[in-house]
Amino acid sequence: MNKQQLAAKIWESANQMRSKIEANEYKDYILGFIFYKYLSESQIKFAKKEGFTDEDIANLSEEDAETVDYIKKNVGYFIAHKDLFSTWIVKGSDFEVSNVRDALSAFSRLINKTHEKLFKGVFDTLQTGLSKLGDTAALQTKAISELIQLIKDIPMDGKQDYDVLGFIYEYLISMFAANAGKKAGEFYTPHEVSVLMSEIMAHHLKDRKEIQIYDPTSGSGSLLINIGKSIAKHIKGENNIKYYAQELKQNTYNLTRMNLVMRGILANNIVTRNGDTLEKDWPYFDENDPVNSYDALYVDAVVSNPPYSQTWDPADKETDPRYARFGLAPKSKADFAFLLHDLYHLKPDGIMTIVLPHGVLFRGGEEGAIRRNLIEQNNIDAIIGLPANVFFGTGIPTVVMVLKQKRPETDVLIIDASKGFIKDGKNNKLRASDIKRAADAIIERKAIPKYAALVSRDTLRANEYNLNIPRYVDSGEAAESWDIYATMFGGIPIREIEELQTYWEAFPGLKDQLFTNTSTEMAVLKTEDVKTSIQQHFDTQAFVQIFADAFADFDDKLRERLIGEMLTLNISSEKSDLSADIFKRMAGVPLIDRYEAYQLLDNEWQGISGDLEILQTEGFNAIKQVDANLVTKKVKGKDTEVQDGWKGHILPFELVQAVHLADQLQSLSDKENRLAEITAEYDELLEALSEEVKDSDITNEAKDAFVNAEVIKVVKEIAADIKKGAKYGEDDDEMKILKVNALITEEKSLRKDIKEEAEALHLLTKKTIEALTDAEAKALLGRKWIAPLVDALHSLPTKNIASLTQKVSYLAGKYTTTLQDVSLQLEDTEQALAEMMGELTGGEHDMQGLNEWQKLLKGEENGK
């Protein structure tokens, strides 16, 4: 089971187990237990590394003061053997809720003094919430037992431990957020938004050897971690990123600490604080000695997603150095207070990104003054308008603002990314291509029609420092226009043909092949077969060939990289390398949107990267591994996992069958197709029976249920009687009934054969995977990873040609029926209706009304 499958399985079970407990609360319990499991196994891992035997670990207790101090000094805490997560599992039915209470209480006592800031109180939310898991100790024990059994399979050792654990942890946070309503905003920034912010900042910081990053409203810590992860791809070495995090709410603050620790970040590289960012500036002082430790901290990067438009207290803050240069945000909206706090803690060459409501771009008053100062002092670098509904719990439009202390440009890059998303349930979600398009626009810093504008400071001054995105970027689609002349007389306006200019630039000879000008303003279509004329034209065929030539060796390149170096390549950077290669190949290809190609890469990469993680963790032979296929079924009224056959650890059975067992697969498919034919024949025969027979038991029992036992029984009895000479309906009916009987016999035999062949093929597939040669295994990986991506990429030219065909066909038919034609048709219809009305008869009162209606249809005036 890969990390995606494991995470989904844990979420599905956890969501059922939480019952009536709010998602926002239940997350603290399951995530708390995952963290405790991590700490337990981290201590065991350290102990084994230091030479502790299993017996030594089993004897770990608080009484051994020397060992306790040694482990505390190196790990930061001590957990006795009786309190280890693994011990709870071993206890089985002897496990009690008191074991958890005692363990958490002991943990809080046994934290190393230098690690208190990191671990003190981290389990307080879990500890105080245990009572909510049941009204009695027995119910609490049951609920906790189910929880720890659920998470016991999360791997926390091996090469990819932090990746798997971190993925599952963030997946659960995101799913709880999706079910937490408005409270979600307190602890979670959607992964896609944090990736966008991360990519922008990582590019700016990529050449630095050591980096400090800070999130003053850290929530679960996921945003801060994603920044670090993106930056880490660009810098050499390990443990050279220091994380600063501050969070107001205690339970959310605990999530931050857990998340940072579980990513394998050194304790010395984690600095956290539970406090009010706006009331007491930090990083600025040591809270244990705020007066004597007064020392402002300036970092390389600040990232934040603060609570939107919350109230705050600006009293007595006029001299606060965070706000003195720019002004104080209004009491009713603290958005700019958070922004100025972030900006203050930036180094001169640093970068910050912050998510804020759209209103900060244009609201007046104190906010307008702050915006003016930020523009005049040249701090605002870029603005990205996000789609609505990308955040859980709120549908308000939001923006990502990018700011710097010092920058060479004086303009502001304004991007409207609000149109790029897919629907994901009730929310909108940025696609990988949407993220890359926006990040590249920031990095390349250029104007893009309908998407991005570089706005000079003079223009912003002229607009009174209003940064509202629609003022500068018109991303809307132009409304369809109708030509009056063409509406009346037909033809195609040349102006509308010219709207397809991007296509005519790519296919310079095609327009003249399709259209003939009848005047300076009008044209007509030359061909009756638009599709064939476009597809067979030299320019479109050349276009397809240009793309094919550009990607001629891409298949080999992928095999060389992904297959040849599968066990050693850097998974985190490989996707970036491949996308750079795709973009380079597309540089000479017109018309095709390179971000559409990037999305195709991302679609396939999700599966490829998951397989690569397994291979790099478990080794090459994982390809030849087959696992039990576990499904949940009701056993004695209880959901129970049972085995239902087998499945490939990496290779899908369907792929292996198609490549290595094609004959057996075809034989099975033929029988299944024949079974479908029999069903159709059976229905057709029953339907063709005479009405006399149709009223009999054959169709009354179950007219369309081929396998209905009563129908089969009746048919067989009648068929037997007919064979003995009995008369049943007409002769033709008897023949049909005999045919149905034969089909029933054939169907029964077929079902038996299909079941046996399917079972045999399933087992043969298992054996085939386990017996693969290395070369065969690699070839199958190529079929799974490379073929779908290459095929998808090569479909892009055809897709663009089909789009042009659709547009030209629409143009050709748009004015086919003119208004004059419609008018004549209407006139004919009115005359025909008038004539039909003349044939009607009725009472004097009715006829008087009909006569007047007739005159109206014929165009006669009243009284004439």
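In what order do the three strands of the open sheet stand, and is their pairing parallel or antiparallel? The order is 12-14-13, and the pairing is antiparallel. Two strands count as paired if DSSP finds at least two bridges between them. Helices (H or I, at least four residues) and strands (E, at least two) are DSSP runs, numbered from the N terminus.

Before I continue, a word on the source. This is a predicted model, in which local features need pLDDT of at least 70, side-chain atom pairs count only at pLDDT 80 or more, and totals for chains, interfaces and linings use all residues. Residues are numbered from 1 along each chain as its sequence is written, and side-chain values use heavy atoms, with hydrogens and water left out.

Strand 13 is joined to strand 14 (residues 522–525) by three bridges, and the two run antiparallel. Here Phe515 stands opposite Leu525 of strand 14.

I turn next to strand 1 (residues 211–215). Four of its five residues are buried, where buried means under 20% relative accessible area, exposed over 50%, and partly exposed in between (1.4 Å probe, protein chains only). Strand 1 pairs with strand 2 (residues 241–247) in the parallel sense over five bridges, and Gln212 has Lys242 as its bridge partner in strand 2. From strand 1 the chain passes through helix 12 (residues 222–232) to strand 2, a right-handed β-α-β crossover; that is, with the strands pointing away from the viewer, the path from the first strand over the helix to the second runs clockwise. Strand 1 also runs parallel to strand 4 (residues 299–304), with two bridges between them, and Ile213 is opposite Ala301 in strand 4.

What of the surface? Ile484, Tyr485, Met488, Phe489, Leu819 and Val822 form a nonpolar patch, with about 620 Å² of accessible area together. Such areas come from the Shrake-Rupley method with a 1.4 Å probe. Helix 18 (484–489) and helix 35 (819–838) each give two or more residues to the patch, and helix 18 supplies the largest share, four residues. Leu819 lies in helix 35 and is partly exposed, with a relative accessible area of 47%.

Finally, the whole chain. There are 36 helices and 16 strands, and buried residues make up 48% of the 864 residues. The C-alpha atoms fill a box of roughly 105 × 85 × 70 Å, taken along the principal axes.

Notes. Patch = residues over 30% accessible without salt bridge, like charges linked within 9 Å, V, L, I, M, F, W, Y side chains within 5 Å. Salt bridge = Lys/Arg side-chain N within 4 Å of Asp/Glu carboxyl O.
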